[in-house]
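Trainee: I would like to go through this structure term by term. For each label, please give me the value and the rule behind it.

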Amino acid sequence: MLEEGMTTAQAIESATYLGAKCLKVDSLIGSLEEQKLADLIVVKGNPLEDISNLKNIQHVFKGGVRLYPDQIH
């Protein structure tokens with residue numbers, strides 16, 4: 001459940017960019033930009049329309065390598 005008054009986009013930003021900014025590592029991680037490190041999940045559906053779409057993981061990329069379901073722990 002989202003904090004009252006917080007949009008889905010704000011919740012995702014809080015979990016990614018703002019978290020990195022608070023830890024003072026936003027120059028390295030937290031957003032998709034050239035020269036930054038990024039682990040990615042690709043989901044089915046738009047999480048901005050329904051945040052539960054973040055559970056519909058289709059692909060995971062960690063350290064530049066695609067992980068398959070049997071490799072994810």
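Trainee: Why is N46 called partly exposed?

Mentor: N46 has a relative accessible area of 32%. Buried means under 20% relative accessible area, exposed over 50%, and partly exposed in between, with a 1.4 Å probe and protein chains only. The value for N46 falls in between, so N46 is partly exposed. A word on the source: this is a predicted model, where local features need pLDDT of at least 70, side-chain atom pairs count only at pLDDT 80 or more, and totals for chains, interfaces and linings use all residues. Residues are numbered from 1 along each chain as its sequence is written, and side-chain values use heavy atoms, with hydrogens and water left out.

Trainee: Where is N46 found, and what lies 2.8 Å from a polar atom of its side chain?

Mentor: N46 is in the loop between β1 and β2; strands are DSSP runs of E with at least two residues, helices are runs of H or I with at least four, and both are numbered from the N terminus. The backbone nitrogen of L48 lies 2.8 Å from a polar atom of the N46 side chain. A polar contact is a pair of N or O atoms within 3.5 Å; within protein, one must be able to donate a hydrogen and the other to accept it, and residues adjacent in sequence count only if both atoms are side-chain atoms.

Trainee: What makes N53 buried?

Mentor: Its relative accessibility is 14%, so N53 counts as buried. N53 also lies in the loop between β1 and β2. A polar atom of its side chain is 3.0 Å from the backbone oxygen of N46. Leaving aside neighbours within four places in sequence, N53 is in contact (heavy atoms within 4.5 Å) with V43, K44, G45, N46 and P47.

Trainee: Which label does S31 get, and which side chains make polar contacts with its own?

Mentor: S31 has 21% relative accessibility, so S31 counts as partly exposed. S31 lies in the loop between α2 (17-22) and β1. Its side chain makes polar contacts with the side chains of E33 at 2.6 Å and K36 at 2.7 Å.

Trainee: How do you know that K36 and E33 form a salt bridge?

Mentor: A salt bridge is a side-chain nitrogen of Lys or Arg within 4 Å of a carboxyl oxygen of Asp or Glu. The closest N and O atoms of K36 and E33 are 3.0 Å apart, so the pair meets the rule. K36 is buried, with a relative accessible area of 17%, whereas E33 is partly exposed at 48%.

Trainee: How many salt bridges does a search of the whole structure find?

Mentor: The search finds 2. D39 forms one with K62, with the closest N and O atoms 3.5 Å apart. This pair links distant parts of the chain: D39 is in the loop between α2 and β1, and K62 is in strand β2, 23 residues apart.

Trainee: What is the order of the strands in the sheet, and why do β1 and β3 stand at the edges?

Mentor: The sheet is open, with 3 strands in the order β1-β2-β3 and antiparallel pairing. β1 (40-43) and β3 (65-67) each have a single partner strand, so one side of each is left without a neighbour in the sheet.

Trainee: What makes β2 and β3 a pair?

Mentor: Two strands pair if DSSP finds at least two bridges between them. β2 (residues 57-62) and β3 have 3 bridges in the antiparallel sense, so they pair. In β3, L67 is the bridge partner of V60.
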